[in-house]
Amino acid sequence: MPSPPLSLKKIRPIQLVAIIFFTVSGGPYGLESLISYAGQHAALLILLITPLMWDVPAIFTVLELNSMMPIEGGYYKWVKHALGTRWGFYEGWWTWLYTFIDLAIYPGLFVVYASFFFPWVMEYRLPICLIFIWLSAGLNILGITPVGKTSLFLGAAVLTPFIILFGLAFYHHNITSIPSQTLKGIPFPSMGMALYTVMWNCLGWDNVTTYAEEVEKPIKSYLYSTFTAFVLVIVLYFLIILVSQQSGIDTGKLAEHAFPAVGEFIGGRWLGSFIALAGMASSIGIYAAVLLSVSRVPKVMADDDLLPQKLNRLHPKFKTPYISIFVCSAVVSFMVLWPFGDLLIIDVTVYGAGLSLEYISLIKLRKVSPDVPRPFKIPLSRTGLCMMVILPASVYFIALGGAFASKEQGAWAAVFAIVVLASAELIWRLIIWKKPHHKTGVPSLES
């Protein structure tokens, strides 16, 4: 008698909080440059205003759309459902590309923090990055449950040294006041880069919905887990910037050696080492969580015949899209040599374009499918939703304008990001040339 098929293991809300934390943040690593861009009197202000304008509308949009359609493929399926096959392809393609760029950052960060202990590892950066990439691929092939458990453990490893740092800072340095905050006097290019820095440290809320079918009670779990992760991220960011400013550490040393220098300044070498070790754990956790998300997108696009069919092949034992994971890992292996600053600008610019399609889908579905059940619904009318979207759009275009105004390499990176966005139309034309039936694809709002 044949044995019954194995049921897909699902993760619990506490594990989902950890995965969301690592998908969106993974700790404040990479936020250090905010102080140099914004200065002592604007860093905290930008840090608080940007998430309210950039993240909160995105979170609400993701929660409403996910409550309507908690299905594997997440944002790709939402946009395809609301706007049709062409725009669904755009969404999936842009997200796939931006995530390659995003993933390429973390193996390099891992090596940087490892060099705090072993300076010689910088000479072997490329082979270490490749080992990092393919070990993470193996972890993802094992399935979402090991990723959830690993993220939970790594989350504790990341947060613990910062909790110690904050305790020592408030106890020994009497941090009781906040510098007066103003945006006056900040050059426009610096403003743009400060926004990009915060936006990059707070993006990815939609990425955590691509595996909704692998989550226990997805609607309730996502609601609880997303808000918990958001509060955790913002509090952590605010405290580390406040402590860094008020500790009295030299800003040049902070820029050169990052947050481990703050830990060493306040608590000694042991705390600096602890924060550097947490930075290594953060890089591992973020990479594993983001790869988990993006590997599901080409799988569902292949199911829709928009990408090669081999990408939707599942591992016979673990039921994970292992071909997609291999492809993602192979591309990232060729991108780890890109400079961090360029990657940051390209990453946020391409991500923001994809996010705009989700906002449009939200408004469209409110119009054409008003009676579809929405366990979570943003308490705004369609007009109110349109006004809400103005907030993230304003932040996005100010940051992009600042990049173009930069005298450094920001303008080149912004132009390259626009070229990357344009590639979606080229690939779409190739698809409908080979598969003309996609040309007539229209939104299926009754499905």
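Tyr 29, Tyr 113, Phe 162 and Phe 166 form one aromatic cluster. Rings of Phe, Tyr and Trp (its six-membered ring) pair if their centres lie within 6.5 Å; planes under 30 degrees apart count as stacked, over 60 as edge-to-face and the rest as tilted. The model is predicted: local features need pLDDT of at least 70 and side-chain atom pairs count only at pLDDT 80 or more, while totals for chains, interfaces and linings use all residues. Residues are numbered from 1 along each chain as its sequence is written, and side-chain values use heavy atoms, with hydrogens and water left out.

**Aromatic rings**

The structure holds 20 aromatic pairs. One of them joins Tyr 90 and Trp 94, which are edge-to-face, 5.2 Å centre to centre and with 65 degrees between the planes. Both residues belong to helix α5 (residues 85-103), where they stand 4 residues apart and so are separated by about one helical turn. Helices here (H or I, at least four residues) are DSSP runs, numbered from the N terminus. In general, an α-helix has 3.6 residues a turn, so residues three or four places apart point the same way. Tyr 90 is buried, at 7% relative accessible area, and Trp 94 is buried too, at 9%. Buried means under 20% relative accessible area, exposed over 50%, and partly exposed in between (1.4 Å probe, protein chains only).

The rings of Phe 117 and Phe 118 have centres 6.4 Å apart and planes at 50 degrees, so this pair is tilted. Phe 117 is partly exposed at 29% relative accessibility, and Phe 118 is partly exposed at 45%.

A charge also meets a ring: Arg 86 lies over the face of Trp 87, 5.8 Å from the ring centre. For this, NZ of Lys or CZ of Arg must be within 6 Å of the ring centre and within 35 degrees of the ring normal.

**Two helices**

The expected span of a helix is 1.5 Å times one less than its number of residues.

| Helix | Residues | Number of residues | First to last C-alpha | Expected span |
|---|---|---|---|---|
| α7 | 125-141 | 17 residues | 25 Å | 24 Å |
| α16 | 340-368 | 29 residues | 42 Å | 42 Å |

In α16, 21 of the 29 residues are buried, so this helix is largely enclosed by the rest of the structure. The buried residues of α7 include Cys 129, Phe 132, Ile 133 and Ser 136.

**Two serines**

Ser 333 is found in helix α15 (residues 322-333) and is buried, at 14% relative accessibility. A polar atom of the Ser 333 side chain lies 2.8 Å from the backbone oxygen of Ser 329. Contact means heavy atoms within 4.5 Å. Leaving aside neighbours within four places in sequence, Ser 333 is in contact with Leu 130, Ile 133 and Trp 134.

Ser 247 has its place in the loop between α10 (218-246) and α11 (251-257). Ser 247 is buried, with a relative accessible area of 7%. Although Ser 247 and Ala 169 are 78 residues apart in sequence, they are 7.1 Å apart in space, C-alpha to C-alpha.

**Cysteines**

How many disulfides does a search of the whole structure find? The search finds 0, a disulfide being a pair of cysteine sulfur atoms within 2.5 Å. Cys 129 is buried, with a relative accessible area of 0%, and Cys 202 is buried at 2%.

Conventions: Polar contact = N/O pair within 3.5 Å; in protein donor to acceptor, adjacent residues only side chain to side chain.
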